[in-house]
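Open your viewer and get ready to select residues by number. We will take a short walk, one stop at a time.

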Amino acid sequence: MAESLPEHERILQEIESTETACVGPTLRSVYDDQPNAHQRFMEKLDACIRNHDREIEKMCNFHHQGFVDAITELLKVRADAEKLKVQVTDTNRRLQDAGKEVIAETEEIIQCRLQQRNITTVVEKLQLCLPVLEMYSKLKEQMNVKRYYSALKTMEQLENIYFPRVSQYRFCQIMIENLPKLREEIKEISMSDLKDFLESIRKHSDKIGETAMKQAQQQKTFNTGLQKQNNLHYRKNVYINNDVIPEPRNEIVSKQNFEEEEEHEDEVLTAHDLVDFSPVYRCLHIYSVLGDAETFENYYRKQRRKQARLVLQPQSNMHETVEGYRRYFSQIVGFFVVEDHILHVTQGLITRAYTDELWNMALSKIIAVLRTHSSYCTDPDLVLELKNLIVVFADTLQGYGFPVNRLFDLLFEIRDQYNETLLKKWAVVFRDILEADNCSPIPISNEEEYKIVISKFPFQDPELDKQCFPKKLPMSQSVPQIYIQVKEFIYASLKFSESLHRSSTEIDDMLRKSTNLLLTRTLSSCLQNLIKKPHIGLTELVQIIINTTHLEQACKYLEDFITNITNISQETLHTARLYGLSTFKDARHAAEGEIYTKLNQKIDEFIQLADYDWTMVEPDGRASGYLMDLINFLRSTFQVFTHLPGKVAQTACMSACQHLSTSLMQMLLDNDLKQISMGAIQQFNLDVIQCELFASSEPVPGFHGETLQLAFIDLRQVNHSCFEIHSSISFQGV
């Protein structure tokens, strides 16, 4: 019991000293204590309360007088407080009235300060935003003036530098959203410009190519001009055994062109001057900046391949005119000149491998097209123009680094075709010359006419030179004309060999082979056809033989003519020879055979006029009329043979006599002849005697002894046998 009392006092001290919120644990300890602890605590609490009440009462009693005094003082000052309140209120009112203007001005100052602060803030923000707006305005201006590459660079600056500073503003977000649209717009515009560029170069490729080819031709003319002037085969007058080689007709023209081209060389524009390549550069840079360069490269190459196929497609009538070929070559040159320029001024847009692949594809197509269309050309001048265009075309592209060996190989194929067209053309020329020829010796009235003929044809005859004018040259007018045309053919063939980058030996071989074809095929065929024509008589055949003899002798001058052109000696191991000897020999043999045939035919015509009366009693006393006419014809014919080689005239005479003898013998031994009188035998004997007299008169000089009379020996024996048989039959009858 005594122990619990100090505990209760402790609890009461804690209650008094502890805040109300923390009393709970303390009170709980009262209930957790010993039984009846609550009652004892309440008793202790009541005792504590009574103690506190007595203390309060003592305190109040101690301060009561002071309180009363204070109340009294307050009552005394209440009136003064009222007065003071009225004065304060009045003062406050007057002060408020007086402060209204100050307040208003203060509010204005505050508002101004706010505005000033806002303005300062706005200025700061505007100073931050103005560069962005200026750059965006610059971007718009660049778009308007089509400076798209600069616009893309401006976009990069905006995105990397300026937009991060003002990203919190809505206008910045709008700008950021517009940039992809602007980029797409730039891509579309640049692609549209590229398409316009591709269309433009497609339309102007022929002009570009024409300019490039002209430049290449001028450069080549400049490099080779002096060499051509000093070359022996372009000299004006070179005399070889009275044979003159005139300066080629096109040499004067080429010199004039050379001088004109030198004057206007500075006026020639390059491909870069003719075409604005800026769309390509701009588009390439734009796509590179946008990180889409590969797309642009693929598109460009694809479109150029399509254009290449269009350029390589020829017109159906291209082979009809040289302008068709010129335009075709110009377009191709223009295409590859542009590609070469793109290759060298851009990095990675196209590569050398790409251009080589494109060129190889184009070259195969070009060769196929030229093979096809050149086969339609029948005019050698057009083929020659085509060759010249191919050479200029090849030289031009070779100057740009493209391999052109296959084109020069193609030229050798076209050369064969050119020779064929020349042969066809000269076949017509030879045919016209031979048809217009009167097949009679050339009459010469004076020295001037003689010199004119000699200047055209290398004729030498000391015996004829001794004769006085007027006189006749043994050959007909066709001989110098044919000789001149053969030289013209050589010139024409030489034209094709020029600029083929071939050695003089190869050119010499080409000229000789083509000339051999002209002689052995074309001229030989024309002579053979002339000989076979029905209206060609014996006189004409004799003149043809004489003409071929002189043409054969002139072949060595043609060889000298070719040698002088090419400066290749005939003694060179691989130098071909002209086959004119065999050509004219064959023609001469054909003419000789035709002479023999026509003589026999003429003899047959006379024989058909024979009208023997095999039952006649007495002979007429003279040879038959048809036989005398035949012999007179043979005499006059053999007189024409005086200009023929001796063996030809002798063979013709022997053949005619043998054929006459055979024909008369067949007439006498005809199976239809059933009866013959002595008078008929005697008349026939008179005819045989006349034939023997003709043979013994030596109508053609050169026969030894009675060689020609032997042609009638069999006829004499048959006639003698008939006479003996008839005599024996008559004797037996008697």
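This tour of a predicted model visits a surface patch, a helix and some aromatic rings.

**Stop 1: the surface.** Select Phe-67, Val-68, Ile-71, Leu-74, Leu-75 and Val-77. Together they make a nonpolar surface patch of about 530 Å². Now pick out Phe-67, in helix 3 (residues 37-144). Is Phe-67 buried or exposed? Its relative accessible area is 53%, so Phe-67 counts as exposed.

**Stop 2: helix 18.** Select residues 538-566. Look along the helix for Cys-555. Helix 18 bends there by about 30°. Now show the surroundings. Of the 29 residues, 23 are buried, so helix 18 is largely enclosed by the rest of the structure. Step past the end to Asn-567, where phi is positive, near 60°.

**Stop 3: ring pairs.** How many aromatic pairs does the structure hold? There are 19. Start with Tyr-169 and Phe-171. Their ring centres are 5.8 Å apart and their planes lie at 20°, so this pair is stacked. Tyr-169 is partly exposed, at 21% relative accessible area. Phe-171 is partly exposed too, at 25%.

Next, select Phe-606 and Phe-633. Here the centres are 5.7 Å apart and the planes sit at 35°, so the pair is tilted. Phe-606 belongs to helix 19 (residues 580-608) and Phe-633 to helix 20 (residues 625-640); the pair links distant parts of the chain, 27 residues apart. Both Phe-606 and Phe-633 are buried.

**Last stop: a ring cluster.** Select Tyr-328, Phe-329, Phe-335, Phe-336, Trp-359, Phe-393 and Phe-402. Ring pairs link these residues into a cluster.

Technical notes
Residues are numbered from 1 along each chain as its sequence is written. This is a predicted model: local features need pLDDT of at least 70, side-chain atom pairs count only at pLDDT 80 or more; totals for chains, interfaces and linings use all residues. Side-chain values use heavy atoms; hydrogens and water are left out. Patches are made of residues with over 30% relative accessible area and no salt bridge: like charges are joined within 9 Å, nonpolar side chains (Val, Leu, Ile, Met, Phe, Trp, Tyr) within 5 Å. Accessible areas come from the Shrake-Rupley method with a 1.4 Å probe; for residues, only the protein chains shown count as cover. A salt bridge is a side-chain nitrogen of Lys or Arg within 4 Å of a carboxyl oxygen of Asp or Glu. Helices (H or I, at least four residues) and strands (E, at least two) are DSSP runs, numbered from the N terminus. Buried means under 20% relative accessible area, exposed over 50%, partly exposed in between (1.4 Å probe, protein chains only). The bend at a residue is the angle between axes fitted to the seven residues ending there and the seven starting there. Rings of Phe, Tyr and Trp (its six-membered ring) pair if their centres lie within 6.5 Å; planes under 30 degrees apart count as stacked, over 60 as edge-to-face and the rest as tilted.
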